[in-house]
Structures are given as C-alpha cells and as structure tokens.
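Open the structure in your viewer and keep the selection tool at hand. We will go stop by stop.

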Amino acid sequence: MAFAIEVPGETVPLSPQQVYHALQSAGSSQQLSIQTGTQQLQAWESQRGYYSLLQAVYLDKSLPSEIRYLAIIQLKNGIDKYWRKTATNAISAEEKSQIRSNLLQGGIGEAENNIALQNALVVAKIVRIDYPQDWPDVLTGLIKILRDASHSNPLYLRRGLLILLQVVKELSTARLRTSQTRLQSVTPEIVFLLSEIYAEKVGLWTTFLNGTGEDEGGAMEAMENSLIAVKILRRLLISGYENPNHATEVQQLWEHSQLQFGQFLDMVSREPAVIVSPAKELVEKHLVQFSKLHTQMSTQHPAAFALLPSSIDLVRAYWGLVAKFGESYGSETQDFSAKALRTDEQMKDQRPVMEKLCLKGLNILRACCKMVFSPSMSFKFRTPEIKQEQQGAAILIKTQLLTDQLVSQMASVIVTKFFVFRQVDLEAWEEDEDEWEIREEGGGDTWEFEVRPCSEKLFMDLVINFKHLLVEPLLSFFHSVAGTSQATVVTKDAVYTAMGLSAPVVHQSFDFDSFLTSTLVNDIQQTGPGYKVLRRRIAILLGQWITIKISDDNRPLVYQIFQHLLKAEDETNDHVVRITAARQFKAIVDDFSFDGEKFLPYAPDILGRCMALIQEVENTETKMAILDTIRMIAVRLESNISPFADRIVSMLPDLWEASGEEHLLKQAILTLLSTLVTAMKEGAQRYHTMILPLIQRAVEPGSEMQVYLMEEALDLWVVILAQTPPPATPEVLALADSAFPLLELGSDNLRTVLNIVDAYVILAPEAMLGDQARLRILAYMTNLLGVTKRELAGLVTTIVENMVRAAEKLGGANGVVQIARDLHGCGYTEQIFAGLRDAWEAHQTTGPNRRYPKLDDVVETDYFTILARTALADPSVFITIMSSVGNVNEVWEWLSTEWFRHFDSMVNIDRQKLSCLALTRLLELEPPMTPAILMRLQDYFSMWTSVISEMLGGRDDGGDNLIWLTSEGSEFEGPEDVRRRLHSAEDPVHTIHTFDFVKERLARVFAVCGGEEAFQRDWLANVDKSVLAGFQELGTTDTSQPFWGRQE
C-alpha cells in the first residue's frame, strides 16, 4: 500500500498485486490514498489485461467485500467506455472472451447481494453489445443454469434469475429492429421455463401462507424468486412479441395473471389480516407487477390488450377496484386546523398498494379511451389482417366496455370522489403552503403517478368524447351543488374542478356569466379556514373560463375578484390562495379580449400586491411565476405600464441579489426588463444605469453568468438599442466593446450579436466608423465572410454595406477611400474577388469537365452587393480596388462577365437596381477605362432593358417603382424603427430614377466618344439590333428618334 502511494501511477507495472493495492488505496478513508489510488486506476484503463484483472479481484471471495465491490464497479464503468470495437483504446477480443467466460459462473455463485447485482449489470451491458455475434450462447447458457438450479441450488437459481432480469431489461430497451428481433427469437423458450419456475414457487409459498406448510425460510425465498420471475415475464410479454395476442403462451399467462391478481388481492385486503409483513409486502409487489403488465399492454399493444382473453372483464374489475377505492379517497372530516396533522409521518409518506393499483386502473381506462378515439399513428408496415384486427379491437372496446352506463358511472365517481381533497392533502397544505402549491400546480407527466391528476385527465377524455352523454348530467350537477349553501367546501371545490375542466364542452349550454355574478361573487366573500380551498379553486376556474366565455361587461368583476384574492390582510387568503391568484391572473391578462384601458383602474392595486407577494415567497419557481404574470401585464398594457415601471424596476435589484446561483430567476428578471423597455420606448433610458452593467456582466466571456444568461442578456441588449434615440449616450456606446468577443464564439447567439453590431452602425455611425471600432468590425466581418448559415451571411453583408454607406455620408469621397482601404487591408475584398473568380472559372467549364462554383447564388449576390455599394459611392475607388487584385483590364474582363451573367440569379429587385446603378456609374470614368467598359455595351443594354422594365412596369406616370413616397411613420414606431425607415429612404436605390440616371450617363458617353456618328460607328454597330430595339421601346412608343435624342 505504501508503495502504491509513493510512486506515481504511470510508473507502476500492471499486476494482480498492484491492482489490489490501487483498489485498496482508492477505497481508503484518507484523502491522499484515495487520490493516488484513483489516479493509478485511471492510468491503467487503456492497458491490456487491466479489466480481466479487475474481474479476477471481484471473483476472489477471499478478499474484502469492499475491494471486490470497487473492482466490479471499475469493470462496469470500463465496459461503458472501452467495450465497443470502435472505442478508443478498446478492450482486445482475447480479453473480452476471457471476461465473458467467467461472468455467468462467477455470478451465480456470488453470496454478496450488492456484488451479485453489479455482476448482473455487467452481464447485461455486454449482452447488449455482443449478443448474438460475439456471445451467441449467453441466453442458452442462462436457461441451462436455471433448469439445473430450479430444484437443486437455490442460490444459483436466485442469481440466475437476477442476471436474466437485467439482461431482459437491457434488451427490451433496444430500439433497433435487429435487436428487437433477437429478443423475440428467444422469448418463447424463456417464457416457457420461467412459467414453470413461477408456478412452482408460487405454489410453494401459497401453500405455506394457507397454513399447510412449515418451511418459512423456504417460502420467503420462493416469494422472492417468483417476484423476480414475474418481473422478467412482464417485460418479455411486452417486448418479446410483435403481436402478443397471437401467442398461446401469452394468452395462458394473461388469464393466469388475472386469476392470481384476484387471489393475491383478496389475500392482502382481508380484514382481519391473514398475512403480515414482510410476506404481505412481497405479495403486494406481485400485485403491482401484474398491474404494470396490464397497463403496459394497454399502452404499448392496445389491440392485443383488447383481444387477449377476458380483457374487458379485467378492465371492469379494475374500475370496480377504482370505485371501491374512491369510497375512502376523499376527505370526510375536512378538518383544516393545524391540530389535525398526523403524528405518524411514516404512515403518511407511504402510498398504500390499493392506491397504486387504482392509479394503474385509471391509466388503463385512459388507454382504452385513446385506443378508440385517438389511436396512435405508426409508420410501421401493417398487413390488412393486422389493420382489421386493430379496428376490431377498437370496436370491441367501444361497444363492450365504454357503455353509456359505465361512462356515466365513471364521470360521477371521478367528480364526487377523486376531485374531493383528501385529509392528507389538506394536512400537507397546512404543513408547507408554498411546497404544496408548487406540487399541485404540477404539469407535464405527473398525472401518470398521482390519482387526482390522472382522474382529471380521464374526466377530460370522457367529457370530450361523450359530450352527448355527459353535458346534461354535469349541468344538473353544477346547478344542484352551486346554488345551495348546504354543500361542503371540498364538495364545491370538486364541482368547480369539473366545471373548469369541462368548460370547452359545456360553455354553450351553461351561462357562466350568470353563475359568476350570482354564485362566485358570493362564494369569494365567505370567510373561515375551509374557504381558502374554494378561493383557490375560483381563481383557477376563472383562469380556465376567461378564454372560453366571460363577457366584456363582467371583466371588471373578474379584476375585482382577483383584487380580493390577492389581499394579504384577509386571513382566508393564505399563501396558496394568493400565489394561485397571481399565477392565474396571467391567463386573465393574456386573453385575446383583454382591454388594457378598462384594466387600468385596477392595475395599481393588483400590480402592487403581486410585487409585495414576490417579496414574501421564498421558492424560486414561485417568484418566477409571479414575475411572469407582471411581465404579461406589461406586455398587454404597452406604454400604459410607464406609471408603474419605477416601482417594478425598484424591486428587481434585491431579487437579483437574493437569487444567488438561481440563474433561472435572473433570466426571468432580464426578460421582464426587455418587456418594460419595449413598452416604454425612449422612457426606459432612465433605467440604463442599472441595466447596462447587468448586460455587460452577463455576456462577459468565461463568466458563469454568460453560460446561463447570454440569450436573455442579448435580447435585452437588442431591445435597449432599438429603443434608444440618437445621440446614444456614452454608456450605451461603451457597451459596444462587449459585442466583439462574442463574435468569436460562433454560438447559436451569433445572429443576435450581428444584429447588435448592425444596430450600433445605424444608431451611432460616427462612433462605429472611428478607427478602433471600424477596424475591429471589419476584421470580424472578414472572418465571418465564409459562414455557411444563410441568415448569418446576409447579416455580415448588411453590416459592411451599411458601413460603406455611412462612410460616404459622413466623409464623402475620402470616407469611401478609407473604408475601401480598410476592406482591402483586412482581406475582405481579397476574399470577395477570390470567390467571384472561382465562380467565373467554374462557369467557363462545360460538358464532362463542368464543375460548380464554391459560392451559391445568394452569397454571390452578397459579394456583388458590396462591390456595387463601393462603385456607386465612388467609381474611381472601385477601379483602385480592382487594381489591387491585378491588371485592371484583365480583372474587369472576367469580373464584368460574371457580374452580367449573375443578373438573372439576383432574385431581389433592390439588389438588381443597385448593381445596375453601380455598373452605370462606371461610364463616368475617364479614358483609358472608357473603351474597356464600352466593350460590354451589349451587356449594358440588356441589363438596362431588364431592370428599367421592372422599374417602369405597371405604371403610366414614368416613375420608378423603387422610389417610395415619403412616409411620416406611425405612433407605434420605436426609435430604431424611425432610424431604419429614414436610412432606407436615403438609399440611392430608393431615391434615384433608374431610367433618367441611365440616360444622363449615356448622353455623357455619347459626348466623350466624339458625337453621334462616331458613337454609332464605333460602338452601337457592335450591339445586337434586337437588344437595342428592346431598350429603345422603354418608356415610349415613339421609336423614330435615337434614344438619346428623345424628349420625354
């Protein structure tokens, strides 16, 4: 042991003795020994022979149990990492074979329960990977062990069943078709053997329990063995058959399970008790296994369930059990005082077996309803016979089981028994109000594990699918109970539960508005300990009905009710009532018909009470729920939230600090701030001193807050920029530096970060074009130029495009020169020209040698957009850029070819016009560029004809379709909306008349070329007459004069 501690793990050779020493150190109570031993074991993980030595250690029964247990745990963990052939440092085939050869024999003779269980798990993990290719005889070996041991060796039988249970568990979870087929191929033989073992063991222990046997130890052992056997059988019947109802052995076991279910249930429920624990607990576990079999068959093989023998009678029996359980389920005393709390905590926490069986019965009834009214869809091939069989099963359930009598009885029992609070529920309410409220709020799949939520789901299934049968009885029930003062509080609560759940079905027949004014208003004013139950239910009921049917005239009454429920001064309004009211008020506000103006008189009081409640509650989830309600009020009130904003914001710092490591609450706070800033627009600037540091901390690279709060902080940042009017404050501008490191992350939030950068360019172009910010932005945009996501590539282009426009606007020709120099310096233009050159070369290839360009059409349009912005701003700068790439004439030759070719691929007409204007501006260049540009005159005329036709199309006033009328905006615009509207309105694409622009440049070219005759002789003669004719027809029908000489 001392040797293992002193020498570093990497230098210790692998041997049985050293493995033992390392395990001993790892299991020590001394921290240094634990660290040294653990490091040594980790160092050996990739060495050959290590895992076979671990197996040797745990199979050596002379060693201490702790060492053996640690050894098998190490082996189990190693199988997960290194057993598959594709794993790095995978265990060799020889070592695997050696380990497999010892697993079964070593496991069945293991006396230690915990080591035997881990060995069974190891076997199961290996079987999942190696069966049947590398370990084909494992299941036949297990079957042989069980046959030989069933009468001769109880330990071997027990361990063999344990191994088989874990193997079947593992194989039954497989989803690949081949794995399922393997299990199904051996299932009949295993089922036959286990049926024999099960029958024998059950016969043994039932004989003892009936008083005719004397071997108590043998009986208990038999009970444990039969329990493992039924666990395996349950899984095999579900996962081992494609159509369980077609197999004779399944039919026999199914009938046998029903028979024994009745016998065992009678055995455990007799009064006075005929058996006691631990025997009683084992019998109850058998019952639970049977009920799991019945439930899983009804959900995973619904047609087989319906067609197996006596299944209809089985479901009726389950319903009888449920109805009987319902007699004792609800609270009869309704003692709401703290004195009623039980002192026997253990009894309170244990769930009786009858409740478990009742829950399974409710789930089976839900499965039957689903089978008939919403059967599961499947892509799996089904033969016509199987389809017909499934249809027949649904008809059988609908006609034989779900009769009008049974459906009516189920609805009645559910409402009158299972919707009623139990005394234990009321006691839990008194013990811990906040925890009880959270548990009852629940949601998700909790209904599968609790009787009351499950009964609510079943009730909804019945009401929806048997509306014709249940609406009238429900209405009669509502009126009989709601209109009387004789009903108890918990009974009314049950009725109101049913009323809320059935709202979508009964709303046309039930006048809820009258009920609200006549009954609920009265109920809400009743005081006393029990009435808090009713108040909570009324809050939920209003939340359920508000979207269904509550008139506008009664909305103020609803607000007043919630005002009343949120009053802390009223003793009946405990935490549960007020928290429930705060939660449910979100549904009231979120309703489509909500009118913010009518709510304003009630807003101060309700908002104030919600904020006060947040300070009282301690649970984070509850705080988040109330914050969400406040957020929804802010959303619906829009700018009307401003008078209350100061008070809302003032409570947030304390909440933030108190949240500690609860980042979910911080997320909710940031989301609420985003809502407030959006609603208040410019008015939210007064909160910047608090908000901006939060954003900076939340997006700081490497911080824990960034991991949890990045998304919400970025959303808040976007909203801040959107609602900030120019000029931006120094604090807002300083925050821009925090955006640049985020551009390197490349996370899912990159789109939002790019939007933030673009918003800064529009908000504060002077600051963003400063030397430091400008160069950083362009460098990051260059790195992102090849991004594959289309929306991100478009944002990169938009940012650079807006910077070029801003440079021209602020600095004129010098600004364009500077931005062009920077684009070249950071490699941006180099990448653009390289991509376009590749596209041009690809488009020159044809036939078998044809290749496709690396750029898609959309990205190529983006590249030409940046070049077009530069050329439109200053043609001479564009020529300078081309000269930096190579010989200007050579670059122009291939670039212009690709540019004109690409026009047909530009789907955005704005982009087409931009390129058209930019290329047309090149006609302004002085010789020697003029002849090179005029060599493309036919392409120019084709482009002009196409683009100008689009601009003039559909109008007779000679205007341009992309020149927009001046817009005054709207009252709903925020500061950024205004900025972007004005930014777009100033764009040359929306201010320049295309046809006039072209004619002016052509007239100048005509003069430069020496007059009409010279131009016609030297250049127009080379243009196709049909192309020229198409251009001459633009904007007029008079073709008698040359196009440059017409008077429009």
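This tour moves from domains to salt bridges and ends at a charged patch.

**Before you start.** This is a predicted model: local features need pLDDT of at least 70, side-chain atom pairs count only at pLDDT 80 or more, and totals for chains, interfaces and linings use all residues. Residues are numbered from 1 along each chain as its sequence is written, and side-chain values use heavy atoms, with hydrogens and water left out.

**Stop 1: the domains.** Colour domain 1 (11–173), domain 2 (511–661), domain 3 (680–761) and domain 4 (911–1047). These bounds come from an automatic or database domain assignment. The C-alpha centres of domain 1 and domain 2 are 59 Å apart.

**Stop 2: L23.** Select L23 in helix 2 (residues 16–26). Helices (H or I, at least four residues) are DSSP runs, numbered from the N terminus. Is L23 buried or exposed? L23 is buried, because its relative accessible area is 0%. Buried means under 20% relative accessible area, exposed over 50%, and partly exposed in between (1.4 Å probe, protein chains only).

**Stop 3: salt bridges.** The structure holds 52 salt bridges. In each, a side-chain nitrogen of Lys or Arg is within 4 Å of a carboxyl oxygen of Asp or Glu.

- Pick R48 and E94, which form a salt bridge at 3.8 Å, N to O. R48 sits in the loop between helix 3 (31–44) and helix 4 (50–59), E94 in helix 6 (residues 93–108), 46 residues apart. Both are exposed.
- Go to R68 and E110, whose closest N and O atoms are 2.3 Å apart in a salt bridge. R68 is in helix 5 (residues 65–82) and E110 in the loop between helix 6 and helix 7 (113–130), so the pair ties together parts 42 residues apart in sequence. R68 is buried at 3%, and E110 is buried at 2%.
- Jump to R980 and E976, a salt bridge at 3.6 Å, N to O. Both lie in helix 50 (residues 975–985), 4 residues apart, about one turn of the helix. R980 is partly exposed at 31%, while E976 is buried at 13%.

Next, select E801, R805, R869, R911 and D987 together: salt bridges link them in a network.

**Last stop: E441.** Find E441 in helix 21 (residues 433–441). E441 counts as partly exposed because its relative accessibility is 34%.

Methods:
Helices (H or I, at least four residues) and strands (E, at least two) are DSSP runs, numbered from the N terminus.
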